[in-house]
Amino acid sequence: MKQQTGRGELWLQKLTAGAPRLPGLCPSVQVADGEVQGEAARFIAVVADENNHYPRAAGGEVGLLEGWTLAKVVSETVAEDANKAEKRIIVAVIDVPSQAYGRREEAFGIHQALAAAAGAYASARLAGHIVIGLIVGKAMSGAFLAHGYQANRLIAFNDDGVMIHAMGKAAAARITLRSVEALEKLAETIPPMAYDIKNYQTLGLLESLLDISKPDEPDAGDVAQVRQALSAAVASARRDPGLQCRLQAENRSSSKRVRERMRAVW
């Protein structure tokens with residue numbers, strides 16, 4: 001029985017018009033080359049692989065293989081474009097439920113694998129590649145930090161299937177000594193505690209929030225809308241390639257003041 005296609009794989013396929021996948025990678029990291037507004041772009045997604053060598057990463061989680069493979073792909077892209085005037089756009093298509101939790105993952109250094117992936121994305125951005133994170137599903141925990149959070153700009157679907165947070169609700173409830181219901185009640189007044197995308201938008205981290213009519217079965221109009229948003233995000237990143245735009249929201253005013261005071265002291 002064929003494993004159901006997740007949103008990351010689905011949107012990678014749609015946005016690259018079914019382009020062939022980059023060979024030689026682990027099955028859970030899919031890479032295809034396409035374009036954004038006529039410019040060369042490399043699209044990268046982490047997908048589910050029920051036959052994953054590490055069972056904890058079988059559901060689309062970012063584990064050892066995924067972290068090191070992301071680092072390899074992004075680093076090689078940067079190296080290949082090092083002497084080119086026009087560097088490829090990198091689009092991280094994001095639907096990752098978590099990092100992979102397991103004893104083997106911890107013993108074999110998942111922290112290094114995920115740090116390598118995050119570092120590769122950051123290096124690409126600093127090397128002049130425009131990096132866009134397209135959140136089509138879950139963007140949870142260390143998986144999101146490793147795959148997409150280092151982007152110049154983040155775009156997300158305004159949909160119940162999209163969720164962003166540092167940990168799952170059950171785990172967060174245990175850590176804070178609350179019930180899941182109490183945690184959800186708290187999130188109504190403290191946006192960083194919330195899981196829904198609309199609260200996340202108030203933190204100033206999103207370039208745009210897209211109302212996609214059929215995120216799981218996109219039609220031509222849905223794909224065109226996402227393509228337009230990617231193009232706008234690339235243009236925005238070219239005007240201001242830094243990440244200071246993330247601090248302009250009202251809910252980030254304290255973060256902004258802390259950074260200003262730290263700069264003044266140092």
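**View 1. Polar contact of Asn-158 with Asp-211.** The side chains of Asn-158 and Asp-211 make a polar contact at 2.7 Å, the term denoting a pair of N or O atoms within 3.5 Å, where within protein one must be able to donate a hydrogen and the other to accept it, and where residues adjacent in sequence count only if both atoms are side-chain atoms. The model is predicted, with local features requiring pLDDT of at least 70 and side-chain atom pairs counting only at pLDDT 80 or more, while totals for chains, interfaces and linings use all residues. Residues are numbered from 1 along each chain as its sequence is written, and side-chain values use heavy atoms, with hydrogens and water left out. With a relative accessible area of 24%, Asn-158 is partly exposed (buried is under 20%, exposed over 50%, partly exposed in between; 1.4 Å probe, protein chains only).

**View 2. Edge-to-face pair of Trp-11 and Phe-157.** Of the two aromatic pairs found in a search of the whole structure, this one has ring centres 5.1 Å apart and planes at 75 degrees, and is therefore edge-to-face (rings of Phe, Tyr and Trp, the last by its six-membered ring, pair with centres within 6.5 Å; planes under 30 degrees apart are stacked, over 60 edge-to-face, the rest tilted). Trp-11 is buried at 0% relative accessible area, and Phe-157 is likewise buried at 0%.

**View 3. Phe-144, Tyr-149 and Arg-246.** Phe-144 and Tyr-149 form an edge-to-face pair, 5.3 Å centre to centre with 75 degrees between the planes. The charged end of Arg-246 sits over the ring of Tyr-149, 4.7 Å from its centre (NZ of Lys or CZ of Arg within 6 Å of the ring centre and within 35 degrees of the ring normal).
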